[in-house]
Amino acid sequence: MKIKLTFAILCLGYLGYAQNKLESYIQTGLKNNEVIRQHNFDINKSMYALKEARALFYPTVSLNGSYTKADGGRTIDIPIGDMLNPVYRTLNQITNSNAFPMLENQSVLINPDNFYDAKIHTTMPLLNFEIIYNKRIKNQQTTLQKIELEIYQRELVKEIKIAYYKYLQSVEGIKIYEDALALVKENQRVNQALFKNEKINRTAVLRSDNEVIRIQANLETARQTSNNARSYFNFLLNQKLDTTIEIEENEVPPIGAMAENTQNREELQKLTQAKEINENVSKLTNSYWLPKVSGFADFGAQDFDFEADKNSRYYFAGVGLEWNIFSGNKNKWKLKQVEEDSKKIISQTDNVKHQLLLQFQVSQNNLKSALEQFNADKNQKQSAKKYNDDITKLYKEGQAIYIELLDAQNQWVNAQLNTNISLYNSWIAFAELERANATFTFN
């Protein structure tokens, strides 16, 4: 009992080490992945857009200046001479003097000549629902970008885990074929010795030679498969494709059961966020009917011939009101479009809920099937090993023919390969279930 418990603890320890190493690789992949960096750029862009929307609430201050030089064009005629000269003439006659000179009629240009105007112009929204809803939409869009990043991260974690398990699977396959190659080479040596002593015919020697060639070919295929698996895993981690991968062997399959958690999937959160954004777009569209109030103030100086004194300084302030009354039902039809988008989002949410639940159930069933297959292959492996040991012993004693030995060895090799495949297939199925249930926890 103590021996079994110790073995179980050692297996769990190996599994923990492997999982810790895999966790380290996952963190490396999340840190180095270029697509994640691109998503972070999009998030930063959304944050800047949110700050831009907030800035619309603050006043805008600008320095404006103009200088005009004019001649010709429209004028304003002032008949000052026609109005005052008769009066001045009478006054001169009464006073017997020329104290009141004669005046000429004036013609003043409408365009100011040699005139400057310099001012500080300030505007500020006092009541504008459009910028209020615009800020809310920008904030929700930032949240939406973060959710999309989490969706990609979960998918990347799944791909990294699957790639890691496939690499472990390929490495173990190489070891199995290496052991098999050593076994068939030993058979080849024994058969050649027996043939020289005329205890067997040449057929057994030829068959053993062919087995060596076959296992060597399988071993080379396994090595190339492992190289490809290593390259793909390093690609996901955005590091050199030939980087060595640290591994730790284990024969412990994953757990079988997992509580359903699909309601917390980021895909549903994304649709919920899209619905909230659409609601604010509807409010933004409806805000067309609400008035907009803004204030403005000018502080500056204006005069002719660049003169500047107390009479040149001025201020000019006020409040503006804009209230749309009719726009050809343009906003009415725009609101109808927003309503259709809302119906579409509701339909998508219902559909995605069913899809995610189906994905979870299929992944759960696939894991159960993979575990059953692993247990069956593990039992077959034990039986094949015992059978191979028995036939090998009988063959050495001359009580079994080479065909029987070859069949037993092939069963033993295939049983090892099948157990190795089913073990890591169960871990792959577990990774897919973890993705379907969104249970992986990010640091």
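I call a residue buried under 20% relative accessible area, exposed over 50% and partly exposed in between, with a 1.4 Å probe and protein chains only. This is a predicted model, in which local features need pLDDT of at least 70 and side-chain atom pairs count only at pLDDT 80 or more, while totals for chains, interfaces and linings use all residues. Residues are numbered from 1 along each chain as its sequence is written, and side-chain values use heavy atoms, with hydrogens and water left out.

Helix α2. I take helices (H or I, at least four residues) and strands (E, at least two) as DSSP runs, numbered from the N terminus. I found Ile36, His39, Ile43, Ser46, Leu50 and Ala53 buried in α2. They cover an arc of only 85° around the axis, taken from the directions from the helix axis to the C-beta atoms, which puts them on the same side of α2. On the face turned away from that buried side I noted the exposed residues Phe41, Lys45, Tyr48, Lys51 and Glu52.

The sheet. I looked up an open sheet of four strands, which has the order β1-β4-β5-β6 and antiparallel pairing; two strands pair if DSSP finds at least two bridges between them. β1 (60-68) and β6 (313-322) stand at the edges with a single partner strand each, so one side of each is left without a neighbour in the sheet. For β5 (residues 292-304) I noted ten bridges to β6, the two running antiparallel, and Ala297 stands opposite Ala317 in β6.
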